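Subject: Structure for your review

Hello,

Please find below the structure we talked about, with the sequence. My notes on what was found follow it.

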Amino acid sequence: TGTSDVKNGKLFKYQPLPAEKSSLLLHNPERGFRSEEDYFIPAVEDMPDWSDENYYNDVIRRLTKNVCNEPVTVSRVYFILDKYLETETLPKEVFDYMQGYYNAYRRLGIKIYLGHYYQHGCARENVSDRIVIGHVKQLSSLFQKNADVIYLLCMNFIGAYGEWTCMRKRFDFQAFTNAVLEAVPDEIHIMMRQAMYKDYYKYYRIGFANEALHGYRYPHLDMGQGFIQPGSYWWDVISKEGVYSINDGELFTTRWIRIAGTWSTGVSNMQVMSNQHLSTMSLQHSFGDICQFGGDIDQTNIYAWRGEEVTEESLESMGLHSTTGWFIDGKGDRIQRNAYEYIRDHLGYRLSAKTAEISADKNTVSIKLELKNYGSAAAFNLKSGFVLLNKESEIVADIQAGTPETWYTTDPECYENRELLTHTVTAEIPLEGINNEYFIGFYLKNSLGQFARLDNSIEYKNL
């Protein structure tokens with residue numbers, strides 16, 4: 001929006017993107033609406049041949065499809081080991097099968113919300129803790145090899161659908177949790193479905209999977225989430241600790257919402273998204289489960305959120321935030337917004353630069369960037385920094401700076417304080433050997449080398 005002089009340099013002020021360009025941020029990695037796929041691992045004799053080009057291309061075509069025309073950068077991938085319930089040592093073919101899908105998602109640039117389980121329902125006997133822990137240790141090699149494409153690991157494995165329910169045997173949860181923490185690289189976040197067990201361990205690295213997302217409408221119901229109710233002890237634990245971890249949410253499927261009568265409003269779920277610091281949310285449950293099969297999507301819970309108007313005044317009353325540009329188009333006209341759009345656009349991080357102070361002498365360029373986060377969570381799994389580019393857009397200097405996982409929206413120690421935080425990123429870049437004209441760039445990127453945009457009208461290059 002303009003510049004002013006500072007000592008040895010300039011102060012730049014930035015404006016947010018206009019409303020019609022908000023969709024540019026939907027491709028930002030590590031956040032947003034997600035898809036999901038379940039893979040029943042076949043018996044050894046029925047394994048597919050990943051070297052078969054037709055099979056591989058069919059997989060790629062299927063996974064390339066968006067969920068109901070919404071782009072996704074994260075997909076929940078569950079490998080189902082029901083045929084190996086009593087197998088102590090997993091055969092090589094199981095690892096090859098999983099690796100094929102790791103490779104496919106990596107090629108498509110989709111990060112994997114990873115999970116495993118044995119029981120597709122409650123009909124079968126539970127797997128023993130000895131076999132589960134043995135499998136976790138064996139799978140560690142895959143976790144290490146594919147850390148770049150793993151968004152997080154869901155600590156499921158046990159019970160019906162890996163949900164830690166329908167248990168018929170006593171299970172050593174402590175030993176299992178320790179085995180998972182040892183098997184997974186430190187940089188990978190872990191998620192747990194049952195809040196009561198998360199409270200036992202006090203690990204900030206462990207986030208929460210809210211698989212019964214119903215807003216604030218049903219405070220008297222447990223919904224199978226370990227007694228997670230608004231105002232309960234465990235709800236407060238998640239609100240307090242969740243700011244430091246990746247958290248995910250999903251509604252019931254359309255069918256189960258109709259059976260249970262758990263229809264919930266988008267406005268209410270906007271508040272839960274913020275309170276529980278959700279980075280991602282399933283678009284499959286109560287939306288994709290209908291529209292992908294030609295059903296009446298206007299009868300789904302998530303679709304109905306499009307009919308709930310959101311204004312700047314209503315956001316303020318709920319302690320929620322957006323940039324001014326989210327409500328105003330490039331012509332300066334105000335546009336109408338709804339709850340579906342707010343959730344879609346503000347899941348996870350939504351970073352906007354405010355100012356950049358840049359000064360230089362013959363030896364060094366000094367940079368101080370100030371930004372704010374308008375999203376529901378910090379920017380996990382991302383690295384940030386500054387680069388110098390020559391006229392050919394080649395990088396001639398690269399300095400990592402900033403800690404995106406600490407760029408919280410508001411005070412992490414007090415959710416009730418809804419004042420936006422300002423985060424400062426600084427760097428000193430030596431100019432030795434750089435004699436020509438150069439450009440300064442700021443970057444946010446993940447382990448696949450995918451870059452994220454800021455919510456600003458600033459030139460963007462994908463290098």
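Serine 128 sits in the loop between β5 (111–119) and α3 (129–145) of this predicted model. Its relative accessible area is 19%, so serine 128 counts as buried, the cut-off being under 20%. The side chain of serine 128 reaches the backbone nitrogen of isoleucine 131, at 3.2 Å.

Salt bridges

The whole structure holds 17 salt bridges. Side chains of opposite charge can pair when their charged atoms come close.

Lysine 111 and glutamate 30 form a salt bridge through their side chains, at 2.5 Å from N to O. This pair links distant parts of the chain: lysine 111 belongs to strand β5, while glutamate 30 is in the loop between β2 (9–13) and β3 (32–40), 81 residues apart. Are these two residues buried or exposed? Both lysine 111 and glutamate 30 are buried.

Arginine 130 pairs with glutamate 88, and the closest N and O atoms of this salt bridge are 2.7 Å apart. Here too the pair links distant parts of the chain, with arginine 130 in helix α3 and glutamate 88 in the loop between β4 (74–80) and α2 (92–108), 42 residues apart. Glutamate 88 has a relative accessibility of 45% and therefore counts as partly exposed, since that class lies between 20% and 50%.

Aspartate 96 and lysine 92 meet in a salt bridge of their side chains, at 2.6 Å from N to O. Both residues lie in helix α2, four residues apart, which is about one turn of the helix. An α-helix has 3.6 residues a turn, so residues three or four places apart point the same way. Aspartate 96 is partly exposed, with a relative accessible area of 35%. Lysine 92, at 59% relative accessibility, counts as exposed because the cut-off for that class is over 50%. Elsewhere, salt bridges that share partners join Arg34, Glu36, Asp38, Arg76, Asp248 and Glu250 into one network.

Helix α8

Helix α8 (residues 266–275) is mostly covered, with eight of its ten residues buried. Which residues of α8 are buried? They are Gly266, Ser268, Asn269, Met270, Val272, Met273, Ser274 and Asn275. What do the buried residues of α8 pack against? Their partners are the helices α6 (233–241), α11 (312–318) and α12 (339–346), together with the strands β11 (278–282) and β12 (309–310).

The N-terminal end of α8 is capped by threonine 265, which has a side-chain oxygen 3.1 Å from the backbone nitrogen of serine 268. Just after α8, histidine 277 takes a positive phi of about 55 degrees.

Overall figures

The protein has twelve helices and 19 strands. It comprises 463 residues, of which 57% count as buried. Of the contacts between residues at least 6 apart in sequence, 76% join residues at least 24 apart. The protein exposes about 20,400 Å², and carbon and sulfur atoms supply 47% of that area.

Regards

Key. Residues are numbered from 1 along each chain as its sequence is written. This is a predicted model: local features need pLDDT of at least 70, side-chain atom pairs count only at pLDDT 80 or more; totals for chains, interfaces and linings use all residues. Side-chain values use heavy atoms; hydrogens and water are left out. Helices (H or I, at least four residues) and strands (E, at least two) are DSSP runs, numbered from the N terminus. Buried means under 20% relative accessible area, exposed over 50%, partly exposed in between (1.4 Å probe, protein chains only). A polar contact is a pair of N or O atoms within 3.5 Å; within protein, one must be able to donate a hydrogen and the other to accept it, and residues adjacent in sequence count only if both atoms are side-chain atoms. A salt bridge is a side-chain nitrogen of Lys or Arg within 4 Å of a carboxyl oxygen of Asp or Glu. Contact means heavy atoms within 4.5 Å. Accessible areas come from the Shrake-Rupley method with a 1.4 Å probe; for residues, only the protein chains shown count as cover.
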